[in-house]
Amino acid sequence: DKGGHRHYMSKEIAEQPTTLANALKYYTENREGQHLLEHGVDFTAFDRIVMVACGTASLACFVSKYWFEQIARIPVEIDVASEFRYREPPLNSRTLALFVSQSGETADTLAALRYCKGKAGMILSIVNATESSIARESDLALPILAGPEIGVASTKAFTSQLAVLAALTLQAARQCGTVTAARAQELSDQLRAVPGLVADALTIAPQIHRVAQQLARFDDVLFLGRGAFYPMALEGALKLKEISYIHAEGYASGELKHGPIALIDEDMPVVVLVPHDAMFDKTISNMQEVMARGGKIIMISDARGLSEGGDGVWQRIEMPAAAGPFAPIVYAVPIQQLAYWTAVEKGTDVDQPRNLAKSVTVE
Ligand code: M6R
């Protein structure tokens, strides 16, 4: 049932204020969820977290690396499961091994989990399918409570994975004493504001639709971001190529001048994810380097960012102002919508893109 939507993907994008609120209620207000976090994971027992996943789930891990390291001060390594499983990475009892999977059946992720058994101190997973192999074989499986995700492109599962990882970060910070009580409260308020901001972000769909009509004409697109917006740029590129078949790449803004700037011309639009935050000026200066070489910028920012840095950009997408480290969750919405509307414009099969399966159960 597409609930009146043309595609499952569109329905699943629209469900995010609800799915996020569900996850946050469960992990931040509900006793059962809090119990899982408080008694299930003792972060003081670990020196590092090794996170392993595939595709979009691995990018959720990558975003959360910024949170765990900055807020809870726990070193995080991330890897895609297909590489991790054959690398023979050293692990010990002070390593927390964390697996993220929507389906809970991804073959490489499951094999990586099995490699960690008896080597890591704890096997923790974050899954949507709680009756899955990955959930069963973990010491503790945390549900993301997103409901069934039918579209091959992961949308609501991605943001719910991020919400659970954010709640885990706050728990880790409390246990490890890395933030003051006042800061913990501020972060938790910012996290609880996310579902409302995601609802606001959904209302700008007409702007994105208009930009997508332009974007659909191009063969190559670059996505740029800094800090936790760097993995969001990777996710933006993955989503676009997956459903619209447009070649897209994500880069850390600061890496631009180390190679990809050579590609810049008027035939390759550059999507810049740049909220008005502490990194704003740095990303804007990277963006200006693109414009100086005739590049077309699609700037996704808030009102303040657009007014301070938006001069001369090709297209603007105005987001609600979202402050703090969890803002990337809100920016998932425009990158999903951009991919969605571009695919619709091109007439591709949005829910069942060619060559892809929802659950990759073979290596
Ligand atoms: O079920 P999983 O979360 O383990 O799946 C991982 C990837 O196959 C998945 O996220 C894939 O990258 C999506 N199609 C991306 O939209």
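Ser301 has 0% relative accessibility, so it counts as buried (under 20% relative accessible area; exposed is over 50%, partly exposed in between; 1.4 Å probe, protein chains only). The model is predicted: local features need pLDDT of at least 70, side-chain atom pairs count only at pLDDT 80 or more, and totals for chains, interfaces and linings use all residues. Residues are numbered from 1 along each chain as its sequence is written, and side-chain values use heavy atoms, with hydrogens and water left out.

Ser301 sits in strand β9, residues 297-302. Strands (E, at least two residues) and helices (H or I, at least four) are DSSP runs, numbered from the N terminus. A polar atom of the Ser301 side chain lies 2.7 Å from the backbone oxygen of Val274. Beyond neighbours within four places in sequence, Ser301 contacts (heavy atoms within 4.5 Å) residues including Val274, Phe280, Ile317 and Tyr331.

Now the sheet. Five strands form an open sheet in the order β7-β6-β8-β9-β10, with parallel pairing (at least two DSSP bridges between two strands). The edge strands, β7 and β10, each pair on one side only. Twist averages 20° from one strand to the next. Strands β6 (220-225) and β8 (270-273) pair over three bridges in the parallel sense. Leu224 stands opposite Val272 in β8.

Two helices pack here. Angles run from 0 to 180 degrees between N-to-C directions, with axes fitted to C-alpha atoms, for helices over the stretch in contact.

| Helix | Strands touched | Angle |
|---|---|---|
| α13 (residues 280-292) | β6, β8, β9 | about 160° with β9 |

Note on methods. A polar contact is a pair of N or O atoms within 3.5 Å; within protein, one must be able to donate a hydrogen and the other to accept it, and residues adjacent in sequence count only if both atoms are side-chain atoms.
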